[in-house]
Amino acid sequence: MQEYPVKRGLTKDLIPRMAAELKNCFGTEPAESAGTYRISYGALKRLDVRAGAGNKTVIIDTESNMNVSDDVILDTNRRFRKYLDAVTGFSTKERVKR
């Protein structure tokens, strides 16, 4: 489980944006249960996303599928990074610094 901070100003519409960006980045409709959105895509058996305390963070829990090709892994990682950029408002480089 990993927690990512959300850029100031992007916290108001965080919950609808989490779901919309899952569909946008992964091309699959997320299932919602008790505020947690779940999808399965490529090298991810399970990707759970929910808002953290005060909608100031995004909490992501994943379970990997190790029985996929390298191309699928690369595609999944690229889409996951794109999702994090869109939801948090921070680039990969900015997230590493934090």
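Mentor: Four bridges join strand E1 (residues 2–5) to E5, and the two strands run antiparallel. Please keep in mind that the model is a predicted one.

Trainee: Which residue in E5 is the bridge partner of Pro 5?

Mentor: Pro 5 falls within strand E1, which covers residues 2–5. The partner of Pro 5 in E5 is Thr 57.

Trainee: How many bridges join E4 to E5?

Mentor: E4 and E5 run antiparallel, and Val 49 stands opposite Ile 60 of E5. The hairpin of these strands has five residues between them, where Gly 54 takes a positive phi near 65 degrees. The number of bridges joining E4 to E5 is seven.

Trainee: Against which elements do the buried residues of H1 pack?

Mentor: The buried residues of H1 include Leu 14, Met 18, Leu 22 and Phe 26. The buried residues of this helix pack against strands E3 (36–41), E4 (44–51) and E5 (57–64), and against H2.

Trainee: How many aromatic pairs does a search of the whole structure find, and which residues do ring pairs link into a cluster?

Mentor: The search finds two aromatic pairs. The ring pairs link into a cluster Phe 26, Tyr 41 and Tyr 83.

Trainee: Why is the pair of Phe 26 and Tyr 83 tilted?

Mentor: Their ring centres are 6.2 Å apart, and both residues are buried. Planes under 30 degrees apart would count as stacked and over 60 as edge-to-face. The pair is tilted because its planes stand at 50 degrees.

Technical notes. Residues numbered from 1 in each chain as written. Predicted model: local features only at pLDDT ≥ 70, side-chain atom pairs only at ≥ 80, totals over all residues. Heavy atoms only, no water. Phe/Tyr/Trp six-rings, centres within 6.5 Å; stacked < 30°, edge-to-face > 60°. Buried < 20%, exposed > 50% of the residue type's maximum accessible area, 1.4 Å probe, protein only. Contact = heavy atoms within 4.5 Å. Pairing = 2+ DSSP bridges.
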